[in-house]
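Morning, everyone. I have one structure for you today, and I will keep it short.

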Amino acid sequence: MRKVKNCCIIDDDPIFIYGTKRIMKEIEFSEKLTIYNNGEDALNGLKESFKLTKYLPEIIFLDLNMPIMNGWEFLDQFSEFPDHNNAKTIIYIISSSVDPRDLERVKNYKLVNNYILKPITPNDLEFVLNITAV
Amino acid sequence: MKTAFSKFTTSNFTDAFVVLDSSLKVISYSQKFKNYLFSTTDIIQGQFFIDLPINTPDKFLKKLENCLESGKSSLQKTKIKLKNDTKLWVKWKVNSLESSEEKGKGILLVIEDISKEIKFNELLLRAEKVSKTGSWEVDFINDKLFWSPMTRIIHEVPKDYNPSLASGINFYKEGRYRELITRLVTNAMENGVPWDTELILVTYKGNELWVRTQGEAEIKDGKCLRIFGTFQDIHAKKKKELKYRITADRLKIATDTSQIGIWEYKINENILVWDKNMYQLYGISETTFSGGYEAWENGIHVDDKERCNAEIGYAIEGLQNFDTEFRVVWPSGEVRNIRAIAKTEKNKQGKAIKLIGTNWDITELKSTRLKLERSKETFAETFKNSATGMALVSLDGKWIKVNNGLCNSLGYTEEELLLLTLYDITYPEDMVASKSLLEEVLNNKRDSFQLEKRYYHKSGGLVHAILTVTMVKDEFGKNSYFIAQMMNITQRIEAEQRLKALVELTKGQNESLLNFAHIVSHNLRSHSSNMSMLTRFLATEEDEEERKGLNTMLKNATDSLADTIEQLNEVVQVKTGALENMQSVSLLSYVTKIEHSIKGLIKEQEANIIVDVKKSHFVLAVPAYLESIILNLYTNALKYRSDSRKLVLKVKSYIKEDFIYIAFEDNGKGIDLKRHGDKIFGMYKTFHKNKDAKGIGLFITKNQVESMDGAIHVESDLEKGSTFFIKLKQG
């Protein structure tokens with residue numbers, strides 16, 4: 001099974017990050033993992049690394065409720081990201097919200113591939129990996 | 001003697017004369033005399049005058065004898081018959097012959113043809129007889145044209161005017177009149193047919209004149225000798241006649257178009273005559289009409305028959321005029337209402353012989369009249385009893401008549417209201433709309449309008465109404481007055497407004513409840529999902545160090561869950577039953593109290609707190625909420641102070657519009673309101689990279705302020721500071 005080369009988690013919950021990291025390690029999800037704690041940090045960090053490497057992560061796991069810049073704002077600004085080949089980046093929303101308004105709103109973003117409800121499980125990640133690997 | 005007489009015998013003597021001796025024997029005569037009166041074989045010489053075949057009256061002989069005796073001359077007119085059988089008027093001049101030897105011994109008779117003179121007199125007489133009649137004659141033999149003075153007057157020609165046949169005809173008006181007279185004259189001259197007709201002349205002076213012209217020709221041996229005739233000025237008569245004809249025509253058109261039927265009933269003969277309109281009125285054709293009384297009776301409605309018969313009877317007896325209404329039933333079954341009027345004509349003995357009358361259809365009129373009466377009644381009833389305000393309003397907006405409904409709605413008595421105009425009680429904001437619509441109605445741009453507008457009640461309150469205004473016109477189509485209907489919808493509007501407010505409130509509450517539910521669900525889920533994940537790891541983890549770490553994390557997650565539940569509890573408490581605990585409290589004492597409780601923190605941060613709260617300012621508040629609000633704003637100011645400068649917090653109070661405002665102005669980090677403005681008081685919204693930020697404080701503060709019927713808002717500039725404004729009721 002092929003690994004994802006570059007993956008990114010944007011979430012402010014340390015326990016979630018810990019858990020996800022741990023599952024990723026178990027199933028050998030990706031070669032490289034980057035963590036940001038809110039949208040603004042992620043936007044700045046991704047810009048910076050794009051400048052250096054000309055690459056963006058293949059997969060981004062994005063939380064919605066975060067301080068400073070939430071997931072929605074990140075999506076809006078990432079869509080306007082200059083020069084990036086965003087067709088290659090797949091974004092998964094990972095949230096505890098079961099609010100149907102959120103699920104509806106996600107449909108407006110072409111960048112977003114799917115909505116995964118917390119807690120994240122090894123099965124969820126294996127599924128993502130399978131899709132990306134094919 | 002011989003010589004004396006012989007000079008008369010010369011044959012070239014132009015006059016006809018005869019010489020008689022004292023015994024009245026013919027001594028001598030002129031050739032003309034002989035030629036005129038006698039055939040060539042007649043012997044005249046030596047004959048007694050009375051033996052000559054000339055019809056001379058006895059009077060004439062006496063004159064001759066008288067002349068012999070006295071020698072006096074005289075004149076005698078007689079009609080004589082010439083040898084060619086023509087009769088001729090002549091004048092005999094009786095002269096006594098005198099010679100030097102003898103006196104009264106002979107007579108000279110000279111004959112003069114005076115038939116022309118006589119004719120003239122005849123014509124003149126005729127002309128005089130009939131007023132305005134002139135005569136004329138064209139003598140073809142002598143080629144002479146004669147116009148009598150009256151003819152000249154009619155033609156308005158000057159005295160010296162010399163007419164001819166052609167110029168006479170040319171006096172007739174060009175066109176059909178001149179053509180007709182030419183034809184008539186020609187016909188008379190060729191065939192001897194006299195004429196008598198009425199034509200228009202154009203006089204010498206250019207006036208048009210109706211004349212009656214009569215004429216005939218005298219024809220002998222197929223040759224027209226003369227034509228003669230008369231002119232009569234009939235202009236006045238003709239004018240009258242034409243006028244009468246126009247009137248008659250007009251009457252005919254009028255009866256035809258108004259469909260007035262005319263009938264005549266000869267009583268004794270039982271003959272009923274109808275004009276065309278009558279058949280239409282009775283819906284029958286002329287061919288099926290039998291022409292008797294029964295024909296009329298048959299058409300009448302069964303229920304009206306008896307009465308009509310009686311009324312006809314009364315009219316014949318002269319008891320009353322026939323003037324009635326009845327129904328007729330057409331063969332098709334259609335029933336029409338007929339109005340009938342008749343006059344009774346009587347003979348010399350005073351007996352009725354004839355009824356002449358008219359019929360016309362009043363079905364539409366009757367139904368319209370009925371409708372009008374009904375609508376008048378209904379209107380009056382409605383006007384009086386309607387709960388809807390109704391009024392008649394003059395064109396300048398004055399009330400003419402108002403009903404109780406209107407008075408009740410506006411709170412005025414009828415007398416008070418009649419002193420005011422429509423505009424006096426109109427709410428100023430609705431004036432323009434009302435006036436412009438009324439203008440449109442006044443200018444015939446529309447017949448009526450409906451408008452929702454407001455009036456002032458006598459008490460000063462507003463009355464909401466639906467106003468309907470309709471223009472009433474007089475019979476000439478001119479604007480007369482308005483009918484205004486005013487439906488009072490104040491209660492409805494007020495209920496609507498209350499309902500609207502209630503709906504808004506409910507909607508808001510529903511929305512915040514929904515938000516709250518999702519927030520709660522989200523927060524509880526995020527902790528529980530963490531916990532389920534961690535317990536899953538724990539179940540399989542064997543490494544002791546790792547297990548320790550997992551346990552710590554699990555404890556943190558459990559603590560967070562407990563915190564969240566506590567916060568949510570606090571929020572729920574704010575939402576329920578706050579108002580009963582409201583009391584008037586001194587703002588300053590609370591500010592001082594809170595400041596005191598966090599003295600340590602303030603000192604640690606070296607913050608400068610400037611309090612400008614008036615002692616007199618009391619607010620209506622739940623004490624615990626007020627404490628919580630002030631504390632939260634103080635700690636927020638401390639938490640989100642600028643990294644580059646020491647905190648300065650100004651706490652200030654002031655009164656505006658019966659409310660007390662408390663402003664908390666800091667010089668901290670500030671908030672990007674463009675980005676976060678809508679979320680700043682939202683639950684679990686944080687805007688700073690501050691570990692303590694939980695996104696619950698301002699949410700609870702807002703809820704607490706609002707539960708006390710207050711309000712909160714913020715003004716802020718990034719890196720300059722924020723000011724929170726709390727508005728509370730005065731205590």
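I will take chain A, then the interface, then a patch on chain B.

One caution before the details: this is a predicted model.

Chain A. It has five helices and five strands. How do they follow one another along the sequence of chain A? The pattern reads β-α-β-α-β-α-β-α-β-α. Chain A has 134 residues, and 53% of them count as buried. Now the contacts in chain A with a separation of 6 or more: 70% of these come from residues 24 or more positions apart.

Next, the interface. Chain B brings 26 residues to the contact, and chain A brings 29 residues. Together the two chains bury about 2300 Å², with 52% of it on carbon and sulfur atoms. Which residues of chain B lose the most area to chain A? They are H522(B), R525(B) and R675(B), which together make up 23% of what that side buries.

Polar links now. Two salt bridges are found across the interface of chain B and chain A. E541(B) forms a salt bridge with R22(A), and their closest N and O atoms are 2.2 Å apart. Between the chains, six residue pairs are in polar contact. On the chain B side, the elements giving two or more residues are α16, α17 (544-575) and α21 (673-676). The most comes from α16(B), with 14 residues.

Last, the patch. L499(B), L502(B), V503(B) and L505(B) make a nonpolar surface patch of about 390 Å². L502(B) sits in helix α16 of chain B, residues 490-540.

Terms used:
Residues numbered from 1 in each chain as written. Chains lettered and ligands numbered in written order. Predicted model: local features only at pLDDT ≥ 70, side-chain atom pairs only at ≥ 80, totals over all residues. Heavy atoms only, no water. Helix = DSSP H or I, 4+ residues; strand = E, 2+ residues; numbered from the N terminus. Buried < 20%, exposed > 50% of the residue type's maximum accessible area, 1.4 Å probe, protein only. Contact = heavy atoms within 4.5 Å. Patch = residues over 30% accessible without salt bridge, like charges linked within 9 Å, V, L, I, M, F, W, Y side chains within 5 Å. Areas by Shrake-Rupley, 256 points an atom, 1.4 Å probe, with all protein chains shown as cover. Salt bridge = Lys/Arg side-chain N within 4 Å of Asp/Glu carboxyl O. Buried area = accessible area lost by both parts, 1.4 Å probe. Polar contact = N/O pair within 3.5 Å; in protein donor to acceptor, adjacent residues only side chain to side chain.
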